Amino acid sequence: MTVAQNVTQVTNDRRDANDVGRRIAGRQDELKLTSAHLAERAGIAADYLEYLEHTPTAEPSSSALQRIALALEMSVADLLGGEQGRAHGRADAASDPHLVNLDEKECEAHLAGGGVGRVIFRSADRPVAFPVNFKTLAGDVIFRSADDGELSAIASEVPVSFEVDCIDDAMREGWSVLATGTVHPVSVPEQIDEVEALGIEPWAGGERHTYFRLDVTKLTGKRINADR
């Protein structure tokens, strides 16, 4: 199947122009691109890009979708939402992949942007991994959880891990960072003001008023590079 045929198939499967516009704007913010810069990277007119972002009935062409997806460093399927609800990594491996270690600065750079990661710890008689929205402060991981949740019962000296990753299905590449340390609730008023200023908003909603800080003592990571 050609790229154009694949784009057409995904487009037919799921096309919600309003959602496409929101995905464009969201990814643009992640990459810290202005609209003018994105339009230039995609080789499209700035007013056309604005039309796509703000018009629910917009129907971008296959060519425009390919250009915008490439400029946003994502797949057309992800741009259209066709991969929602499916686990990443279903594609075949690249012909000659290489697994390389990330140094500490690279790991810190991946963590610095915040996002969604997994807190990994032992609760009662089983290991658990909780996905949380997070940001970083002075190299440590900050997140919010319920006042009476399982995390609140963790002793301050018990090792906890935190994992965050990114998968590029189109390129068969990705990276993963693992932070290890101890976690404790933030309780000092001055520190609470500091972490509240980060603007962490849990996607899960609910009563998640307690801020936790993972004091990172070890940081490791790996990256898969496809042969190019």
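This is a predicted model: local features need pLDDT of at least 70, side-chain atom pairs count only at pLDDT 80 or more; totals for chains, interfaces and linings use all residues.
## How helices 3 and 5 meet

Let's start with a crossing: helix 3 passes helix 5 in a right-handed manner.

On the helix 3 side, the contact is made by L38, R41 and A42, while helix 5 contributes R67, I68 and A71. By residue type, the contact of helix 3 with helix 5 has 4 nonpolar and 2 charged residues, with no polar ones.

## A closer look at helix 5

Within helix 5, the residues A64, L65, I68, A69 and A71 are buried. Looking down the axis of helix 5, these buried residues fall within an arc of 160 degrees, so they line one face of the helix.

Just after helix 5 comes E73, which takes a positive phi of about 60 degrees.

H88 is partly exposed, because its relative accessible area is 45%, which falls between the 20% limit for buried and the 50% limit for exposed.

Which residues does H88 contact, leaving aside its neighbours within four places in sequence? They are D78, I167 and D169. As for I167, it is 79 residues from H88 along the chain, and the C-alpha atoms of the two are separated by 6.7 Å.

Terms used: Residues are numbered from 1 along each chain as its sequence is written. Side-chain values use heavy atoms; hydrogens and water are left out. A crossing is left-handed if the near helix is turned anticlockwise from the far one by less than a right angle, and right-handed if clockwise. Helices (H or I, at least four residues) and strands (E, at least two) are DSSP runs, numbered from the N terminus. Contact means heavy atoms within 4.5 Å. Ala, Val, Leu, Ile, Met, Phe, Trp, Tyr, Cys and Pro count as nonpolar, Asp, Glu, Lys and Arg as charged, and the others, Gly among them, as polar. Buried means under 20% relative accessible area, exposed over 50%, partly exposed in between (1.4 Å probe, protein chains only). The arc is that of the directions from the helix axis to the C-beta atoms.
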